[in-house]
Structures are given as structure tokens and as C-alpha cells.
Amino acid sequence: MTDSNTLSHLDLETPEKPFLDANELVINMGPQHPATHGVLRVILRLDGEKVLGLECVIGYLHRGVEKIGEHRTYTMFNPYVDRMDYVAAVSNGLGYCETVEKLLHVEAPPRAQYVRVILTELNRLASHQLWLGTHALDIGAITPLFYTFRDREEILKIYEKYCGARLTTHAFRIGGLQYETYNGFEREVKNFLSFFRPKIDEYEELLTTNRIWVERTKNVGIISAKDCIALGVTGPVLRASGVKWDLRKAQPYANYKNFDFDIPTCQNGDTYDRYLVRMAEMRQSVRIIEQAVEGLPEGPVMAKVPKVMKPPAGEIYHSIEAPKGELGYFIVSDGSTQPYRVRVRPPSFVNLQALDLMCRGQLVADVIAVIGTLDIVLGEVDR
Amino acid sequence: MIAKFKGTYGSGIEPLTYAGQNYMVVDRSMIPEILQILRNEEQFDYCVDITAVHYPKREKQFDVVWVLYSYSRNERIRVKTQILDGESIPSSVPIWVAANWLEREVFDMFGIRFDGHPDMKRILLPEGWKGYPLRKDYGILQQDNEWVQINLGIESGQ
């Protein structure tokens, strides 16, 4: 087999130019890359292994959700919003339903609001679990993925029992809820909470003081509070940079003002801090769900909403704190059964703009860490 | 605050409220100045969203909408202006960096150009695509057949 001809290209000749030159190198990452969490393409400009700058190419998953909205009735468009941030479908639905309710001047009854909070916060847990598993996997820790997916399954089981779907749930309706909770809903949620609380410690045990994890995340992808605000970055990324801002507190929607919880923040704005903030947020979500299950009132779950919805002409911008940041809906009604214009302000799209700034001066391997820590979902970026 | 604006600028600004949300309709010529003042003097430091709405039957076909938020005041405001088809509008990237991708998306979907934008090109649709999908005269099944045939090698994406 050792044919000298076939191996000739391996001969070490004197290179024509120095092996290490100072030229810039442009390389392409994605769109089919396991660590870009979907179909994100990043064009990197490198000096050796150092990132000089990058450009994101997006749109591979563009389905024209906003256009579809203009051609569907308010009710028919509801399931479509689940397909944007598909790991936090319940949050998307909450934002959309509340916006249309504002246009219709109706409010969901108290029981519906409590169930909404329970399901949305469970969704925040599920979204953060998925983020933690995949983010750790990108960096090289395989174990957390199995732990988080094992526990996320319990949340999906509750969804499945409640509305029949696990991922794109379509759990809420305009005006409240389609379904009353099933028998034993409260008990199962409580069981889940007591099951889940020690699991957060388990995740933290795997990572928080893990030397490899700390080395890979500390001082990686630093972004200051000032830059976050200028770039419109929201959610855990903003809070990890030291801004104590959460829409659930700043402009309470649903009935979040009835619950007692803290907004976790950190100061450094690096990947490690964003990890800490999200872990602390999971604990706060558990606290909120606990209070909501305890205080779950009796009563109807659906407000009086007309079968054919014709909101009066007007326009509304309403936003909620989705797991990734501020998720806003801007809906223009012309008084007909279909929205005249639906605009979705996705947190992932705006947060992704910060990738360039956060990666400058870092190594190529850190780009993976920063994409993971931004917690983007391409279904939402491209819509 | 809006009353103060009204006093200074008179007929170019119309402050309105719908369902408890404040917005103002501003004359196109005053847009850069008003946005700058909102940012610097009224502390609207977070540009939440920029979008547009198409009204094909109007003479000034497009509404361009800025959604702004102030962290220090915990207050949201919308600024709206009307422009003609083909008319451009000054970019707000010098005021809020966040406007970069948001303006690119408005250009991509409506064909509204922003003067002084550092990188005015399509963002979600591929370069070279013809047509602006969120205009009302663009059909929901419509696509750039030529682009699809050349780049995807199929007759139609439908």
C-alpha cells in the first residue's frame, strides 16, 4: 500500500511563504453547524485564532409569519406564534393573546391568569433547561444535557396532559383558556416542583465550580450594561451585565404583580455570569409557580369573547418577558376579522446583533460559547 | 412631556393615546430632530422596535413606527410618521445602534430606504430577491420565481 506516488503530497517541502503570516483569514461557520442552534451562518474574520469581527447571515428559516398573520383571522393566527420560539411556545402564546385582548378590551378571568402564569413559568424552566443542556454540550460537558432533558420531560408531560401537545402547545386562547385544568393538575405541578428543586442544585454541582467550565466561560463574551442598552439587548443577558430590569416587574402583565420574586442580576456581563443569572432565574420561577399553585382561585377560565372577533380599529404594542428577553407584539386592527398588520419584536433577533461586539478579540472556540450564551432560537430570529 | 413638544413644534406633532398607550404622529421633516431629543433629553435610551405599515390607498403609503422605552422613566412611547412610496428616511443608527438590523428588516420587507445606514441591504430574504413581501400588493403565494429557478433549480417553491 505504501505507494510513493500517492503519498507524495505529504512530502514536507519548504513552504513558499511563512507558515504563520499576518494575513486576515475569512472563514465561514454554518448554516449547518451543530453549535449554531439551528441555521445561523456566521462569517468570521480572523487573525490567527483571534476574532477581528463577524457578520451574521440569517433568514434561512424565514417563513413569513407576519405576512401569514395578515391573511388569517385573529383566532387562526394563534397557533402560528408557537412556531417562532418553539422551545418557549407558551410564552409566545401569552404575548399574542394578551395583545389581542387589549385590542378587544377584555381581560382573562383570574383563574385563567393563574394557570397562564404556572404554564409560562414552567415554560421558562423548560427553555432554560434546554439552553443549559445544549450550551454545556457545545462547550464540551456532555452530562448536563442528559440531566436537563430528563427533567424537562416532566414539564412536557404536564403540557401533554393539559393540552395534548408537548412542544408547540397552543395552550392559551384569546380571552383565557380553552381547557379547564385536568384532575390532579395542582398535585402534579407541586410534585414536579419538589422533584425539580434539588435538580437545580444537581446542575450547579456539575458546573458552577467545575474548573473546565469556569475557564471556558469566565471573561468570555463580555458586554457592558451601556452596550446592552444601546444594542437593545434584553433578558438574562442584560441582567447579567448588572441592569435590574425585568418586564414582569417593570410593567407587570398577566398577574405577576401578585407574586413575590426577585430579579437575579450579576455584574461582569460574561458568559459565566449569564449562566449564574439563568440558574437563579430557575429558582425564582419555581417560587412563582409555587405561589400560583397555592393561590389558584376557582372560577371560569374564559372571558366573554365574541365568536367572530372584530377588534375596534386601533393599534397596540404589548410585550412580555419571554425566557430570552422582551417579546413584543405590535398589532394594527382595521376593525375587520383579520389583523391589518402583525409585527413581532423577537428577543433573539435583537440580541443576536450583539454577537459581533461580544466576540471581538475572543478565540474561535469562544464564538461557540457566546452563541450558546445568547440563547437564540433561529425560528424566532427568522420568523 | 408631549405637551412640551407640542408647544415647541406646533402643528408638526400630534400627540395621541389609544388604550392607555401614548404615541405621536410626527411630520417626516422633523423625525431626526425629534428622535434625537427623545434620546438625549427625555432619556428614551432603548430603541425597542422599528417597523412599518403599508396603506396602499393613502397618498403617503407608509407608516414608519418607532417603539421607544426609557429605563429611567419606565415609560414607553411610539413615534409614527407617514412617507410616500419611494421616499427615504434618515437612519436612526447614529442615535441607537440597535436600529441597524431593525431598519434592514424594514427595508427588506417594505423597500423603505434609510439614509445614512451603514449597511443598507436585505437581512432575511436573499440578496437579489425582487419584491417587498409585506407590502399589501404582494400576494401571499407570490415569490420571485426567477430567483427560485436560478438558485434552487426548481420550477417553483409552491
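**Figure 1. Overall fold of chain A.** Chain A holds 15 helices and eight strands. Helices (H or I, at least four residues) and strands (E, at least two) are DSSP runs, numbered from the N terminus. This is a predicted model: local features need pLDDT of at least 70, side-chain atom pairs count only at pLDDT 80 or more, and totals for chains, interfaces and linings use all residues. Residues are numbered from 1 along each chain as its sequence is written, and chains are lettered from A and ligands numbered from 1 in the order in which they are written. The C-alpha trace of chain A spans about 80 × 50 × 45 Å along its principal axes. Of the 383 residues, 50% count as buried (20 or more other C-beta atoms within 10 Å of the residue's own, C-beta atoms being placed from the backbone).

**Figure 2. Helices H4 and H5 of chain A.** The axes of H4(A) (residues 110–139) and H5(A) (residues 143–163) come within 9 Å and cross at roughly 160°. Axes are lines fitted to C-alpha atoms, for helices over the stretch in contact, and angles run from 0 to 180 degrees between N-to-C directions. H4(A) is therefore roughly antiparallel to H5(A) (angles over 145 degrees). Residues in contact (C-beta atoms, placed from the backbone, within 7 Å) include Leu122(A), Leu125(A) and Ala126(A) in H4(A), and Thr148(A), Phe149(A) and Arg152(A) in H5(A). By class, this contact has 12 nonpolar, four polar and two charged residues. Ala, Val, Leu, Ile, Met, Phe, Trp, Tyr, Cys and Pro count as nonpolar, Asp, Glu, Lys and Arg as charged, and the others, Gly among them, as polar.

**Figure 3. Helices H2 and H3 of chain A.** H2(A) (residues 74–81) and H3(A) (residues 89–104) pack at about 155°, with their axes 9 Å apart. They are therefore roughly antiparallel to each other. Tyr74(A), Asn78(A) and Val81(A) of H2(A) make the contact with Asn92(A), Gly93(A), Tyr96(A) and Val100(A) of H3(A). Four of these residues are nonpolar, three polar and none charged.

**Figure 4. Where chain A touches chain B.** Here 30 residues of chain A are in contact with 25 residues of chain B. On chain A, elements that each supply at least two residues include helix H1 (65–70), helix H8 (225–231) and strand E6 (314–322). The chain A side divides into 12 nonpolar, nine polar and nine charged residues.

Note on methods: Angles under 35 degrees count as roughly parallel, over 145 as roughly antiparallel, 65 to 115 as roughly perpendicular and the rest as oblique. Two residues are in contact if their C-beta atoms, placed from the backbone, lie within 7 Å. A residue is buried if 20 or more other C-beta atoms lie within 10 Å of its own, exposed if 12 or fewer, and partly exposed in between; C-beta atoms are placed from the backbone.
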